[in-house]
Amino acid sequence: MDSLQIGSYYFSSRLILGTGKFSNSTVMLDAVRASGAQLVTVALRRFNREQAEDDLFGPLSEIEGVTLMPNTSGASTAAEAVRAAHIARELSGSPFIKVEIHPNPQHLMPDPIETFEAARILVQDGFLVMPYIAADPVLAKRLEEIGCASVMPLGSAIGSGQGLATSEMLNIIIRESGIPVIVDAGLRSPSEAAHAMEMGCEAVLVNSAIAVAGDPPAMAEAFAEGVKAGRKAFRAGLMQRSGSAIATSPLTFLGS
Amino acid sequence: MKEMSQMITIDLNGQQQPLPADSAISDLLAIVGSDGKSVAVVVNECIIRPEQRSTHKLYAGDCVELLMFAGGG
């Protein structure tokens with residue numbers, strides 16, 4: 001069985017689904033079911049009376065096979081992320097934490113220094129730490145060395161739909177990594193998810209492309225198929241590129 | 001006047017919240033309309049576990065945060 005392994009946990013699905021930006025929670029839950037995702041991200045927010053019924057924990061927990069991966073979105077320092085991680089673990093019981101520290105709302109680029117520091121502390125606190133990072137091979141290696149369970153480099157900016165703009169750096173990270181590399185952010189289409197998997201990513205995390213699609217559950221299914229196709233192709237072994245044509249048919253029978 | 005009728009003020013998610021003196025966290029949850037099942041409670045930066053909510057009393061000036069999961073990527 002070809003499973004995604006994170007820490008000592010195994011998943012048959014390699015599509016991780018984000019739950020933000022859906023038009024409502026019914027559509028989101030339908031998309032989660034359609035995607036077959038077993039890891040689903042959620043964020044923390046303050047409780048308020050008006051939105052008390054928007055709770056996601058209950059309905060998501062009822063979907064069989066789904067494990068929550070809370071993120072630390074909203075944190076702009078390592079200390080805030082560590083605090084958010086502990087609160088999220090208290091609430092979810094999940095060992096997974098997506099460390100996400102982006103202090104600038106204009107570009108949402110992750111802060112490498114605060115992310116590294118938060119990851120270091122959270123590994124010591126017993127979390128399976130999955131940091132969202134820029135596609136930086138040096139940082140990815142350093143995070144692996146301190147015990148992160150995976151690294152999640154961005155394909156392009158969060159919510160931008162610019163696809164695998166960082167593919168050259170991603171190739172280096174994948175080649176050098178001893179932990180799962182999960183492309184997080186920027187994917188727009190199932191073909192891009194397939195491409196990421198063909199490159200050797202262990203999984204992809206998709207949110208906006210599914211949430212804002214015309215038919216989110218159908219798009220979730222399409223992404224699941226893209227991820228499966230890409231993974232199968234990676235395992236099958238892609239042909240080498242050639243600078244010139246190489247015939248597939250005999251060229252000598254009629255003319256010579 | 002009985003002590004129970006006295007009111008205190010706490011900080012709840014960054015806003016002032018009046019509360020009868022001698023209230024526990026479970027009382028606060030009832031006042032704000034939460035069943036408490038999917039809410040994390042943090043008092044003065046300490047996480048309060050569900051089993052402690054009926055006995056953990058709140059005092060004037062306590063800083064309480066109630067947090068829950070929302071959609072996020």
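Trainee: How much area do chain A and chain B bury between them?

Mentor: Buried area is the accessible area (1.4 Å probe) that two parts lose on being put together, summed over both. Chain A and chain B bury about 2,400 Å² between them, with 61% of it on carbon and sulfur atoms. Of the area that chain A buries against chain B, 30% comes from Arg46(A), Phe47(A) and Glu90(A), more than from any other three residues. This is a predicted model, in which local features need pLDDT of at least 70 and side-chain atom pairs count only at pLDDT 80 or more, whereas totals for chains, interfaces and linings use all residues. Residues are numbered from 1 along each chain as its sequence is written, chains are lettered from A and ligands numbered from 1 in the order in which they are written, and side-chain values use heavy atoms, with hydrogens and water left out.

Trainee: How many residues does each chain bring to the contact, and which element of chain A gives the most?

Mentor: Contact means heavy atoms within 4.5 Å. Chain A contributes 31 residues and chain B contributes 23 residues. Twelve residue pairs are in polar contact between the two chains, both residues at pLDDT 80 or more; such a contact is a pair of N or O atoms within 3.5 Å, where within protein one must be able to donate a hydrogen and the other to accept it, and residues adjacent in sequence count only if both atoms are side-chain atoms. On the side of chain A that touches chain B, strand 4 (39-46), strand 5 (67-70) and helix 3 (78-92) each supply at least two residues. Helix 3 of chain A gives the most, with seven residues. Helices (H or I, at least four residues) and strands (E, at least two) are DSSP runs, numbered from the N terminus.

Trainee: How many salt bridges cross the interface of chain A and chain B?

Mentor: A salt bridge requires a side-chain nitrogen of Lys or Arg within 4 Å of a carboxyl oxygen of Asp or Glu. By that rule, three are found across the interface of chain A and chain B. Glu65(B) forms a salt bridge with Arg46(A), and their closest N and O atoms are 3.8 Å apart.

Trainee: How many aromatic pairs are there over all chains?

Mentor: Rings of Phe, Tyr and Trp (its six-membered ring) pair if their centres lie within 6.5 Å; planes under 30 degrees apart count as stacked, over 60 as edge-to-face and the rest as tilted. The whole structure holds three such pairs. The ring centres of Phe11(A) and Phe96(A) are 5.8 Å apart and their planes stand at 55°, so this pair is tilted. Because Phe11(A) lies in strand 2 (residues 9-11) and Phe96(A) in strand 6 (residues 96-99) of chain A, the pair ties together parts that are 85 residues apart in sequence. Tyr9(A), Phe11(A) and Phe96(A) form one aromatic cluster.

Trainee: Are Phe11(A) and Phe96(A) buried or exposed?

Mentor: Buried means under 20% relative accessible area, exposed over 50%, and partly exposed in between (1.4 Å probe, protein chains only). Phe11(A) and Phe96(A) are both buried.

Trainee: Where does Gln38(A) lie?

Mentor: Gln38(A) is found in the loop between helix 1 (25-35) and strand 4 of chain A. Gln38(A) is buried, its relative accessible area being 19%. The Gln38(A) side chain reaches the backbone nitrogen of Ser13(A) at 2.8 Å.
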